[in-house]
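Today I'm looking up charged side-chain pairs. Here is the entry I'm working from.

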Amino acid sequence: MEATIMSNTISWNLQLSVREGRLEEARQLMSEMVAATREESGAEGYEWFLSADGTTCHINERYTDSDAVMVHLGNFGANFAERFLACFAPTSLSVYGQPSDEARSALDGLGAAYLGWLGGFTR
């Protein structure tokens, strides 16, 4: 049976190392970024996770479609990218779904690995 994608949803898991001495700054930045992303109508989920020792951070993000991804990445680039990269070193980015060529191009800069839909469901 051939797999078909069930939606236009794009999501990803971004894994990061917290730069030494930057944890408190990273916490403040996270609060600002969560508040800003909450205002994006196409953002369906935006969750940050931190290891017990405060050295590793994962961000799970989910967007309605590639247009919503581009809105988010535009806001990120204009308002947060410089501070974000001062606090975190990206180590891995797994992208789920079928982003547009434009969204792929934007995510490629973070070394994205793309995984297409195989099966399952979302509620």
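My notes on the salt bridges follow.

First, the ground rules. I'm on a predicted model, where local features need pLDDT of at least 70, side-chain atom pairs count only at pLDDT 80 or more, and totals for chains, interfaces and linings use all residues. Residues are numbered from 1 along each chain as its sequence is written, and side-chain values use heavy atoms, with hydrogens and water left out.

How many salt bridges did I get? I took a salt bridge as a side-chain nitrogen of Lys or Arg within 4 Å of a carboxyl oxygen of Asp or Glu, and that rule gives four.

R22 and E25: I found their side chains in a salt bridge, 3.0 Å from N to O. I have R22 as partly exposed at 29% relative accessible area (buried is under 20%, exposed over 50%, partly exposed in between; 1.4 Å probe, protein chains only). E25 is also partly exposed, at 34%.

E32 and R83: this salt bridge comes out at 2.9 Å, N to O. It links distant parts of the chain, 51 residues apart: E32 sits in helix α1 (residues 23-38) and R83 in helix α3 (residues 81-87). Helices (H or I, at least four residues) and strands (E, at least two) are DSSP runs, numbered from the N terminus. E32 is partly exposed at 29%, and R83 is partly exposed at 33%.

R62 and E44: the closest N and O atoms of this salt bridge are 3.0 Å apart. R62 is in strand β3 (residues 56-63) and E44 in strand β2 (residues 43-50), so the pair ties together parts 18 residues apart in sequence. I noted R62 as partly exposed at 28% and E44 as partly exposed at 46%.
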